[in-house]
Amino acid sequence: KQWYQRRVAITAGNVNVKWGKEKFNNIECNTDECPLLFKSTLYSLTGVVPERMKVMVKGAAVGDETWTNIKSLKNNITMMMMGSATELPAEPAEKTQFIEDMSDSQVNQASDYPPGLYNMGNTCYLAATLQCLRTVPQLSSALENSQGNFSRQTMVGSEGICAAMKQLFKEMDTTSDSVAPLVMVKVLHMTIPRFAEKGEGGVFQQQDANECWTELMRLMSEYLPGEGSTTSETIRKTLIEQYFGGEYATTLKCSETEDEPETKSIERWTQLRCHINADVRYMQIGLTMGLKENIEKTSPTLGRNAVYVKTSLINRLPSYLTINFIRFFYKEKENINAKVLKDIKFPVSYDAYDLCSPELKDKLQVTRDKFEAVRQKKLEKEMSSKEVRNKHDAVKEKPEVKYEPCGFPGDIGSNDSGYYELQAVLTHQGRSSSSGHYVAWVKHKEDNWLKCDDDKLSIVKEEDVMRLSGGGDWHVAYTLLYGPKQLEIWEEEEKKDEEKPVAAVEKPVAEVEKME
């Protein structure tokens, strides 16, 4: 009640800001929004970051979270701003025709690249995570359609995170320039204080990118509702559960007695873990290792602790499969999370069929048979097309390819084939999760990929991504994001047009033979 009584006079209008000898007129100011958004606008004009910025209105300072310090704010009022600017990216002195001389913005615009994200002080872990998640169209659409907004109550928590991601993704969709994720970083630090820890010199400490990925998934799952509606009690009620959530069918059996019956249960997950040891050289082997493990717990039959064998098989596959490589382990002596640099190969096209339960395999087989039928038809068409081209030296334009919707009926966001295609890789360069550098590598077009190194984007080839498997101090794959392989809708084409020229040649020959 007190907050509403002290609200400023206007909700949306234009104000003037005086900064030293400069003055900026007609700047949009909306007091229904978080003041940090207004300060972000000033940052884009002056280069003064909000942490070093002080905005005064009649002797009162504007805060980062609310406008409660300001008793009156009228349209066209003049504010005073103090703070020293950091260097802004310099624009090219003159226009050039060579891509090597273009700015990052010009390269992005000319090459249809997405914008990069400026590093706000060891925030590469967040930038890499966001660039990977932005490749999921259903997630971007859900954020765009969400009702989240900023206020004192919603600045912290799941709604604040979703509102910040919505605002950031919207800005990235409307510009080719690199974007400063000021609001996103602020909201993340307020929601998860451990990400705001500072080291020597007051600089933010590096954080684990996969922990950030997991926390963002948890927070979005709390706020973003699922697609569709149903009365079933087992329906996945959030978007994250639908498109990123899988299920294990687990069996727990005591290995020390046959008298105790095995127990079965369902476990849900949003990431698969690839375990690494001396015998693991391929991702599939590391994933298989995690399906069987020994655990110790109290046995009601024996009345003491006993060893149990836990066996897990996938009972539900999501459209988007996230795989995390267990590359870090805690070294007590050095008090750090040390890194396993071993080379672990991963594929561009992945088949999760062997990890699934027999029940799920039977369900997957229907769509897998369709994939095989399409493959056979494409081979047959390719062979016949070669013969036709040899006869007529004509190549038809490829028709527009259409795809069947992915997923089982009644299970939105599921994968009904087990086939996946790699679409994003998050890598780490360094020897510890709390140091080093994180980079995102995302699929762009055909076999071209984009290396998203904070605000610097560059084109790379698929073979460059395959070199991220590890084995040295180069960028090493830490988290992979696979998307569903789409089933092409095959339409039979009539071959009458192809056969007509042949008939036109053969008809005179037949008439000549008849005359003879």
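User: Which residues of α7 are buried?
Analyst: In this predicted model, the buried residues of α7 are Leu-182, Val-183, Met-184, Val-185, Val-187, Leu-188, His-189 and Thr-191. Helix α7 spans residues 182-191, and because eight of its 10 residues are buried, the helix is largely enclosed by the rest of the structure.

User: What do those buried residues of α7 pack against?
Analyst: They pack against four helices, namely α2 (35-46), α4 (124-133), α6 and α8.

User: Take α4, then. At what angle do the axes of α4 and α7 cross?
Analyst: The two axes cross at roughly 110° and come within 11 Å of each other. Helices α4 and α7 are therefore roughly perpendicular to each other.

User: Which residues meet there?
Analyst: From α4, the residues are Tyr-125, Leu-126 and Leu-130; from α7, they are Met-184, Val-185, Leu-188 and His-189. By class, the contact of α4 with α7 comprises six nonpolar residues, one polar residue and no charged residue.

User: And α6 with α8, how do their axes cross?
Analyst: The axis of α6 (residues 158-173) crosses that of α8 (residues 209-223) at roughly 105°, and the two come within 8 Å. That angle makes α6 roughly perpendicular to α8.

User: Which residues are in that contact, and how do they divide by class?
Analyst: On the α6 side are Ser-158, Glu-159, Ile-161, Cys-162 and Met-165, which meet Leu-216, Leu-219, Met-220, Glu-222 and Tyr-223 in α8. The residues of this contact divide into seven nonpolar, one polar and two charged.

User: How many salt bridges does a search of the whole structure find?
Analyst: The search finds 20 salt bridges. One of them joins Asp-464 and Arg-467, with the closest N and O atoms 2.6 Å apart. Asp-464 is partly exposed, with a relative accessible area of 25%, and Arg-467 is exposed, at 52%. Elsewhere, salt bridges that share partners link Arg-194, Glu-211, Glu-215, Arg-218 and Glu-222 into one network.

User: What about Glu-258, which residue does it form a salt bridge with?
Analyst: Its partner is Lys-253, and the closest N and O atoms are 3.9 Å apart. Glu-258 is exposed, with a relative accessible area of 70%, while Lys-253 counts as partly exposed, at 25% relative accessibility.

User: Changing topic: where does Ser-178 lie?
Analyst: Ser-178 lies in the loop between α6 and α7. This serine is buried, with a relative accessible area of 16%.

User: Which residues does Ser-178 touch, leaving out those up to four places away in sequence?
Analyst: Ser-178 touches Pro-115, Gly-116, Tyr-118 and Asp-455.

User: Now Gln-423. Where is that one, and is it buried or exposed?
Analyst: Gln-423 is in strand β15, which covers residues 419-429. This glutamine counts as buried, at 14% relative accessibility.

User: What is Gln-423 in contact with?
Analyst: Leaving aside neighbours within four places in sequence, the contacts of Gln-423 are Thr-135, Val-136, Tyr-320, Trp-441, Val-442, Lys-443, Trp-449, Leu-481, Tyr-482 and Gly-483.

User: Finally, the overall picture: how many helices and strands are there, and what share of the residues is buried?
Analyst: The protein has 13 helices and 19 strands, and 44% of its 516 residues count as buried. The protein exposes about 28500 Å², of which carbon and sulfur atoms supply 49%.

User: And the contacts, what share joins residues at least 24 apart?
Analyst: The share is 67%, taken among contacts between residues at least 6 apart in sequence.

Methods: Residues are numbered from 1 along each chain as its sequence is written. This is a predicted model: local features need pLDDT of at least 70, side-chain atom pairs count only at pLDDT 80 or more; totals for chains, interfaces and linings use all residues. Side-chain values use heavy atoms; hydrogens and water are left out. Axes are lines fitted to C-alpha atoms, for helices over the stretch in contact, and angles run from 0 to 180 degrees between N-to-C directions. Angles under 35 degrees count as roughly parallel, over 145 as roughly antiparallel, 65 to 115 as roughly perpendicular and the rest as oblique. Contact means heavy atoms within 4.5 Å. Ala, Val, Leu, Ile, Met, Phe, Trp, Tyr, Cys and Pro count as nonpolar, Asp, Glu, Lys and Arg as charged, and the others, Gly among them, as polar. Buried means under 20% relative accessible area, exposed over 50%, partly exposed in between (1.4 Å probe, protein chains only). Accessible areas come from the Shrake-Rupley method with a 1.4 Å probe; for residues, only the protein chains shown count as cover. A salt bridge is a side-chain nitrogen of Lys or Arg within 4 Å of a carboxyl oxygen of Asp or Glu.
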